[in-house]
Amino acid sequence: MIVSEFIPKPYKSFLESGSVAYSSPSNIALVKYWGKKDYQIPANPSISFTLNNCKTLTTLKFSKKTTKGFSFDVFLDGVVQNEFKPKIKQFFERIELYLPFLTWYHFKIETSNTFPHSSGIASSASGMSALALCLVQLEQYLNPERTKTSFNKKASFLARLGSGSACRSVQGNLIVWGLHSNIIGSSDLVGIKYPYEIHSSFNNFCDTILLVDKGEKEVSSTVGHDLMYGHPFAQQRFAQAHTNIDTLIEVFKTGDLSAFISIVEREALTLHAMMMSSDPYFILMKPNTLEIINKIWKFRKKTGLHICFTLDAGANVHVLFPKNESSEIRQFIKSSLVMHCQNEQFIEDTLGDGAKSIKI
Ligand code: DP6
C-alpha cells in the first residue's frame, strides 16, 4: 500500500548534520484498537485520551554518511539499547518511501521516558510518535514549505507505521483513529482530533495509572492483534467498537458520565475477553487487577462518584475520573488501591495536548 500524499517532493536543501528533539505523550484508549490488517490498518476505529505526564523525550542526531542502507544507534537514558534496533529497523523499512533521507544519514537516537522503564506503560506509543516527529522535523528543514496541519498529519501517519496506537499521541486531547461513518475526517491512516463538541465535564479529566505488574508482558500487542484473525468473536467485536463510538459521540456532547463509565469499562473488559477467548488464549490481568476493579465498583456504588477503570494490554489499571471529584477519589486511591501496586507505584496524570518540540 503506497499513500502518495505522503511521498515528499524533491528536497530543496541538504544538511550535513544536526539534531532535532521532541517530547511525545502516551495515550489511553477508551474504545480499543485490537486487531489489524496489513500496513497497520486497524480492524476497527478507536478513540483515546492523550496523556500529559507520561511521555518519551527523544533527541535525534544525524550526520551524513556515504555507506548504503540504514545506520543508527539507540540509547535509553544514555545506555545503548540494541534490543530496540529490530523494531526501529522495521519502522525505517516501512517508512523509507516517505522519508527518502533515511539512508543518507547515520542517526543517534537518544531517548528517555518520564515514567519508570518497563513499568508496563505503553512506551511504544510515546516512543514511536516521538521518533516520527523528530524525523518529520528533520524533513521540515529539508523542505520548509509545510503547514502545521500537514506536519502533524505526516507525523501521525508515520507513527502509525511504527506502532498503531502511536498515531494517537501526536495531538491532544481526544483523538480518533480509524474510519468511522459518523466522524467527519476520520481515517485509517492517521489519528485526528475529535471534531465535535466535548462537554466541560471532561475538562482536565484525570488518569491515575496503578502499576500492578511492571514485568515484561507475556504476550506482545502485536501477537494479540494477530490472534484476532479467525477469532470467533472478531466481527461482532469490530462492529461493537463502531457502536460504542456512536454512543460516545452523544456522551461527549451531553457530559453523561454514567454512560461514559459503562462504555469505557465494557471496552476494557471486552479487550481482555478477546484475549481470553483467542486461540491460543491468554490472560494479562493479575489478581491485583481484579482486586482494584472490585474496589472501584464498591467505592462508586457507595459514594456515587464518577470513578471508572480502563486497561491496556497488561495488568496495570488506569483509573479515570473528573477533576472536580479528584480530591475524594485521589484519597481513596491512596488509601485503598495503591497497596495492590508493585512497590506501591502509581502515576498521576491528566489529559494533555500532545507532542511538543524541544529546543536544543
Ligand atoms: C490494547 O499500538 O501497541 O493498547 O500496532 O502492533 O504496535 P502495534 O500495537 P499497539 O496496540 C495497542 C493496543 C491497546 C489498545 C489501544 O491502545 O487502542
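At what angle do the axes of helix α5 (residues 234-254) and helix α6 (residues 257-276) cross? The two axes come within 10 Å and cross at roughly 160°, where axes are lines fitted to C-alpha atoms, for helices over the stretch in contact, and angles run from 0 to 180 degrees between N-to-C directions. The helices α5 and α6 are therefore roughly antiparallel to each other; angles under 35 degrees count as roughly parallel, over 145 as roughly antiparallel, 65 to 115 as roughly perpendicular and the rest as oblique. The structure is a predicted model, in which local features need pLDDT of at least 70, side-chain atom pairs count only at pLDDT 80 or more, and totals for chains, interfaces and linings use all residues. Residues are numbered from 1 along each chain as its sequence is written, and side-chain values use heavy atoms, with hydrogens and water left out.

The crossing of α5 and α6 is left-handed; this term applies if the near helix is turned anticlockwise from the far one by less than a right angle, and right-handed applies if it is turned clockwise. Residues of α5 in the contact include Arg 237, Gln 240, Leu 248 and Phe 252, and those of α6 include Phe 260, Ile 263, Glu 267 and Met 274, contact meaning heavy atoms within 4.5 Å. By class, 8 nonpolar, 4 polar and 3 charged residues make up this contact. Here Ala, Val, Leu, Ile, Met, Phe, Trp, Tyr, Cys and Pro count as nonpolar, Asp, Glu, Lys and Arg as charged, and the others, Gly among them, as polar. Helices (H or I, at least four residues) and strands (E, at least two) are DSSP runs, numbered from the N terminus.

Helix α1 (residues 85-95) and helix α2 (residues 123-142) pack at an angle of about 45°, with their axes 12 Å apart. That makes α1 oblique to α2. Their crossing is right-handed. On the α1 side the contact is made by Lys 87, Ile 88, Phe 91, Phe 92 and Ile 95, and on the α2 side by Met 128, Leu 131, Ala 132 and Leu 135. These residues divide into 8 nonpolar, no polar and 1 charged.

With α3, helix α2 packs at an angle of about 135°, the axes being 8 Å apart. Helices α2 and α3 are therefore oblique to each other, and their crossing is right-handed. Among the residues that meet are Met 128, Ala 132 and Val 136 in α2, and Phe 151, Leu 158 and Gly 162 in α3. The contact of α2 with α3 has 8 nonpolar, 4 polar and 2 charged residues.

Turning to the backbone, most residues other than glycine have a negative phi, and most peptide bonds are trans. The peptide bond from Gly 172 to Asn 173 is cis, with omega near -25°, and Asn 173 is placed in the loop between α3 and β8 (174-177). A cis peptide bond also joins Asp 279 and Pro 280, with omega about 5°; Pro 280 lies in the loop between α6 and α7 (287-303). Tyr 39, a residue other than glycine, has a positive phi, near 60°. Tyr 39 is found in the loop between β2 (36-37) and β3 (41-42).
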